[in-house]
Each structure stands twice: as structure tokens, then as C-alpha cells.
Amino acid sequence: MRISHAARTDVGMKRDNNEDNYLVYPEQNLFAVFDGMGGHAAGEVASGIAVREMKEFFELTGKDPEATWPFKDDRSRSYDENRLVTAIKLCNARIMEVAEQDSSKKNMGTTCVSLHFTERNGEPRVYVAHTGDSRGYLFRENKLKRITIDHSLVEEYLRLGKITEEEAKNGRLTWRSIRTIRAPEISSSSAPTGCREWWRTGSWSRSCRSSRQTWKRARRSCSIPPTPTAGWTTRPSSSPATTDSRLGDHHSHGRFGNPEDLHAYVSRLEDPGRDEWQKPDEVLRVLDVRREAVIGEIGAGSGYFTLPLARAAAHVFASDADPRLVEVLRERLAAADARNVTPVLGLPEDPFLPSGRCDLIVSINTYHHFPEPRAYLRRIRRALRPGGRIALIDFHEKVEKARVLRAGKAAGLRVAAEHDFLPQQHFLVFC
């Protein structure tokens, strides 16, 4: 496989400082564009860190395929997919470290759009990876086609039908990248584009952000088998399966810990009989949600709690790690005309809630899926506003209360309240 490539960057017409960077690494068939953000010089630093870390990781693993990786891989993905995902995770970690050490760069971050070409056993493939609102395009037969979906507020509003295509083009709503490699958190409103089957001989791909463009052309045919859309960080090699009969038997669970039969699972989630033991009205009553509150929901599923939360609060960030359920949730929100909910495609180890925005974070029947509870609680704690709370509800048979309490203490949380009116579930509130 031979790849022709070129890259160019320009500061553009509006700004004095170019915060963008690009990576052209033909030795590893790796090409990427990063659009930095975060104020004076910080965006340039963030995008520069991302370029350096991605290149160094590919250089190291290119020389030694057995080298130890800094993050767990996903056994359901190929080596090449995991390699690209891990590189982006590493970029994120380094940017967070620098931002935490220098208060002047605390809000810095960067988007990313990348292409990685591989050839295994005579089969060429290309992996497209992006986060934020930097875009990837396919140019073929004199037609330019976008192959990525922006992770932005505008894109989310378009999907929910809140604005029209014309309104988006005319800039009547401010663009906001809400999935970026940034410190201290990565936030998300939509699934990133992982791998798509679109490449063939004579095709050009284009990665761009503002005035930066990189072009690549493949001389041989490349194809990618379709894979489930997923987030930018690999999930753990294993995940606990839910076996409670009330919410469906999860013995035959998919990669997100949910049953393969989505329709049957959603039916159980929405079963009216669930109200008898889940007691949603009483849960909301004791949580005392204020009208101006911003809520983060982990494990939103099909929206059983999402809609009641939306009626009680100013806004809800409803996160779930299963893209199938996120789509179900979007459809249900559109049908209910719930305009104060942002669906978020998270990961098993990160729900991507916005940093410092939430007055309350609720996790219903999801704690037992947390891969590393202490680290997870520390992560979501960052999404709280001062004085914010975290409410955890999960089944007695799945988690021991003592372990939850120890994890909360290790994460710097203290118990604010404990409720015992749920017959089969713990109900703990931390602050």
C-alpha cells in the first residue's frame, strides 16, 4: 500500500495565533489534525502535546509490538484499533497532567481527527478516529463527503430537531465542541466515528479544522468491516453482567454489559411494574431536586429516570455507554419534546459529564458496572459544582454497602444521607 500525502496550516483571517497542529507520520501510516483551544497560548500547547504523545506512542509500539501499554486494551477490538484508541487516551492524560500543574492552562484542550492505514495478511484497512468538531472527509469522483459526525452542541440540536440545517449554517447557535481531549474532563454528546466501510482505490481522504488541511490518497483498495460505534477510551477486558430478573437476564450480555436483545431489555426497563420496587417518585422526593439544578445521570438507559429528572430540573446530561440505548433515548426525548436533556455517549470508565456543572449526579443500578469504583467516583466528582451531591442506587446482591462506602471515602466523598425505603437496593448520597 502506497499513500500520497500533503499537509498545510494557516492562521486564517480572524486570529493572530495558530493554536492548531498536525501530525504527518508516514512511517507508521498515521495522519492527524488537532485544533487547540483554551485561551492565550494554551490551545497551541494542548495540540502540541497531542502531536508529540501520539507520535511517540506509535514510534514505541512500532518498534516493539510487545511494549507495555499505559491503558487496558479492549479484547473485542483489533490490535490496530486498540493502538489508535490508546494513543488518544495517552494524549488526554498528558494534557490533563500539564493543565493541573499550570493554572494558566487549566481550560486547555484540543479536538482530534486522525487516520491510520494498516495492512494485515494482505488486507489493507484504514481507521478513522475523531473527537470534537474537527472533521474527516472522503473525496471521490469529484464529490466531497463528510465521514465524521461533529461532537458539538449544534450537531446535537440538529439531531433533536431543535434547529434547522439553515440555522446551523447561518451560525444562529454558537458552536461548541463538547467532546474534546481536554482537561480536566472529556465531555460528550454523541458517539464518535470509529471505523467505517468507505475506502476504495482512487479515493482521497481529507482531515481539516479551520484553515488546516491534510490530504491522503491510497493507491490500493482499503476496506473496513463495520464495528459498533464506541467512545475514545478502551473499555476493560471484562465487565460484570447484570442478572437481576426484574431488568432482564444479562447472562448473554454484549460488550456494554446489556443483553443482545435490546427490544426485550428496553421493555423490562420500562415495565410499569418496575415502579412498585424502584419507587421513582419517592426517590425524586428525597433527592429534593431544585428547579434550577443541573443533573448528571449515569446509566440513563432508555430514560426511565431521565424524563422525571428533566421535569424536575433545569437540565439533564443523560449518559450511557451503550450507543444503542443512547439512540433509544434520543428518540424518546424527541417524542416527549424534552428540550432540556443532552444525551451523552460515555464509556464504562468515564460518563463524560461536563466538568464543574452538576448539582447532582445520580447512578441508578449502574454502580456494579464501574470497572474501578474509586477512580470512577473521583472522576465524576470533578463534574460536581461546589456543594454538589452524588446519589448511588444499586442492588444488595450486586454490591456490598461497605465496599461502596470505602470507595466513596477513598474518592474524597462523605456520606450525606442513606435511605432504606427501597426493598432490594442500597440508596446512598455522597457529597
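**Figure 1. R83 in helix α2.** R83 is found in helix α2, which spans residues 79-101; helices here are DSSP runs of H or I with at least four residues, strands are runs of E with at least two, and both are numbered from the N terminus. The model is predicted, so local features need pLDDT of at least 70 and side-chain atom pairs count only at pLDDT 80 or more, while totals for chains, interfaces and linings use all residues. Residues are numbered from 1 along each chain as its sequence is written, and side-chain values use heavy atoms, with hydrogens and water left out. R83 is buried yet has no salt bridge. Buried means under 20% relative accessible area, exposed means over 50%, and partly exposed lies in between (1.4 Å probe, protein chains only). A salt bridge requires a side-chain nitrogen of Lys or Arg within 4 Å of a carboxyl oxygen of Asp or Glu. The nearest side chain of opposite charge, D80, is 4.9 Å away from R83; Lys and Arg count as positive, Asp and Glu as negative, and His and the chain ends are not counted.

**Figure 2. Surroundings of R83.** At 2.8 Å, the side chains of R83 and Q28 make a polar contact, that is, a pair of N or O atoms within 3.5 Å, one able to donate a hydrogen and the other to accept it; residues adjacent in sequence count only if both atoms are side-chain atoms. Leaving aside residues up to four places away in sequence, R83 touches Q28, F57, F58, T61, G62, W69 and H116, where contact means heavy atoms within 4.5 Å.

**Figure 3. Two loop residues with positive phi.** Most residues other than glycine have a negative phi. E141, not a glycine, has a positive phi of about 55°. E141 lies in the loop between β7 (135-140) and β8 (143-146) and is exposed, with a relative accessible area of 59%. D288, also not a glycine, has a positive phi of about 50°. The loop holding D288 runs between α7 (280-287) and β12 (294-298), and D288 is exposed at 53% relative accessible area.

**Figure 4. The largest nonpolar core.** Among the 28 residues of this core, V283, L287, I295 and F427 touch the most other members. Elements that each supply at least two of its residues include α7, α8 (306-312), β13 (315-320) and β18 (425-430). A nonpolar core is a set of buried Ala, Val, Leu, Ile, Met, Phe, Trp, Tyr and Cys residues joined through side-chain atoms within 4.5 Å.
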